[in-house]
Amino acid sequence: MRSLNVAIIGQNFMGKAHSHAWRNAPRFFEMGARPVLKVACGRDQATLERFAHTWGWEETSSDWRDVVARDDVDVIDICVPTNLHAEIAIAAAEAGKHIFCEKPLSRTSAEARAMLAAATDAGVVHYLNHNYRRVPAIMLAKRLIDDGFVGRIFHWRGSYLQDWIVDPSFPLTWHLQADAAGSGPHHDLNSHSIDLARFLVGDIASVSAMTTTFVRERPLPGAGAATFSAGAGEVSETGEVTVEDAAFMLAEFENGALGSFSASRFASGRKNHHTFEIYGSEGSITFDLERLNELEVFSRHDPSYLQGFRTVLATESEHPYISAWWPPGHTIGYEHTFHHAVVDFVAAVADGAAIAPTFDDGLRETLVLEAALRSAADGVRVTVEQG
Ligand code: SOE
């Protein structure tokens with residue numbers, strides 16, 4: 001069987017999730033090519049060696065440019081902060097490598113356009129990893145919508161709430177700096193909701209948004225909570241937070257549906273509360289990532305004495321991806337979505353199968369993100385540029 005040599009750039013949270021998927025997917029799925037974990041690239045050599053050993057990467061490198069230039073690498077997997085995506089992806093495309101890029105695609109639409117142009121010109125496979133599209137229950141939602149179960153869609157209500165920075169002593173990591181991240185939970189979390197909304201409902205025509213920042217100054221990474229809370233005069237090692245802490249957006253879709261999106265890192269008690277609700281003329285669908293095997297569905301065509309939402313456990317063998325895993329009722333989790341992405345990506349590279357979202361989807365999503373930031377800054381509704 002053909003091998004596909006993968007290089008991963010980045011070794012943190014997403015590095016781990018992707019590594020697990022590259023390594024494990026062929027054990028469960030029939031794949032047209034065998035991913036080889038060729039080289040892991042990161043800055044901190046000590047942690048990189050441990051990371052490579054744990055996940056079975058054959059080699060390590062501290063220079064992504066060397067990695068991209070290697071003849072024995074077929075795929076570049078990008079798992080680094082957002083500000084590095086464009087440069088790495090463009091170099092990878094120019095070197096003829098297929099690209100698996102973690103979300104969000106980029107900070108700006110200018111970067112997204114350049115990435116899309118480079119990948120298109122090079123004719124390489126370009127995939128933007130919004131892993132939640134590949135939750136079987138969400139794939140089921142897509143099938144139900146395409147089959148007319150929901151009918152004409154009236155409303156989308158998407159919400160992605162977390163609480164990991166409520167403590168003001170949480171340090172100023174790259175996620176809290178606009179230069180690195182583009183924006184805060186808007187790029188990080190609303191991007192996921194926008195991707196699902198585009199997948200399930202359609203393109204977004206205009207938006208109106210509000211953002212706010214609750215904690216404007218934080219300890220620099222390494223300065224630590226103790227320094228921050230030590231009292232006036234000892235709080236010198238702090239820096240400015242340059243992103244929002246919460247971003248709420250209203251949207252009108254091209255098909256006339258009205259939607260709302262809320263993203264916050266200040267929703268105390270919410271750890272990874274990613275939900276959506278879709279309401280239509282024939283029925284409705286709701287989803288909650290913290291119960292990701294389930295889809296709540298409502299049909300107006302049920303008899304009146306049975307009207308109500310029911311819970312579908314999307315673990316039957318006919319649900320997408322499930323037959324490769326366990327028997328019905330043996331639930332799957334967060335990491336499985338990355339496996340599904342790897343399987344589909346390899347099918348795109350090895351067999352020419354279609355894959356989405358691509359960098360084109362990423363550009364469209366970034367245009368929505370940008371329009372919302374403009375709306376929040378100017379206090380007006382903004383039309384979203386289409387592509
Ligand atoms: C952190 O907010 C984060 O890890 C996101 O970056 C991921 O995309 C999301 O799936 C979970 O939360």
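Tutor: On a 1 Å grid over the protein atoms alone, a cavity is a set of points where a 1.4 Å probe fits but cannot get out, a pocket is an open set with protein on both sides within 12 Å along at least five of seven lines, and lining residues have an atom within 4 Å of a point. Points are joined across faces, edges and corners, and a volume is the space filled by probe spheres set on them. The model is predicted, with pLDDT of at least 70 required for local features and 80 or more for side-chain atom pairs, while totals for chains, interfaces and linings use all residues. Residues are numbered from 1 along each chain as its sequence is written, and side-chain values use heavy atoms, without hydrogens or water.

A search of the whole structure finds one cavity of 30 Å³ or more, and the largest cavity holds about 30 Å³ of space. Its lining consists of Arg198, Asp203, Ile204, Arg364, Leu367, Val368, Val384, Glu385 and Gln386. By class, that lining has four nonpolar, one polar and four charged residues (Ala, Val, Leu, Ile, Met, Phe, Trp, Tyr, Cys and Pro count as nonpolar, Asp, Glu, Lys and Arg as charged, the others, Gly among them, as polar). Helix H11 (residues 359-378) gives the largest share of the lining of this cavity, three residues; helices (H or I, at least four residues) and strands (E, at least two) are DSSP runs numbered from the N terminus.

Helix H11 also contains Ser375, which counts as buried because its relative accessibility is 1% (buried is under 20% relative accessible area with a 1.4 Å probe and protein chains only, exposed over 50%, partly exposed in between). A polar atom of the Ser375 side chain lies 2.7 Å from the backbone nitrogen of Ala209.

The largest pocket holds about 1100 Å³, and of the 42 residues that line it, the closest to its centre are Cys79, Val80, Pro81, Trp174 and His175. Helices H1 (13-28), H4 (85-94), H7 (178-181) and H8 (185-200) are the elements that give two or more residues to the lining of this pocket, and H8 gives the most, with four residues. By class, the lining of the largest pocket has 19 nonpolar, 17 polar and six charged residues.

The ligand has its own surroundings, namely Phe13, Lys103, Tyr132, Tyr160, Gln162, Trp164, Asp188, Leu189, His192 and Asn272, each with a heavy atom within 4 Å of it. Polar side-chain atoms of Lys103 lie 2.8 Å from a ligand oxygen, those of Tyr160 3.2 Å, and an N or O atom in the side chain of His192 is 2.8 Å from a ligand oxygen. Of the 300 Å² of accessible area that the ligand has on its own, the protein covers 84% (Shrake-Rupley method, 1.4 Å probe).

Helix H6 (residues 136-146) is largely enclosed by the rest of the structure, because eight of its eleven residues are buried, including Pro136, Met139 and Leu144. Gly148, with a positive phi near 90°, follows H6. Strand E12 (residues 258-264) contains Ser262, which is buried at a relative accessible area of 17%. The side chain of Ser262 makes a polar contact of 3.4 Å with the side chain of Ser159 (a pair of N or O atoms within 3.5 Å; within protein, one must be able to donate a hydrogen and the other to accept it, and residues adjacent in sequence count only if both atoms are side-chain atoms).
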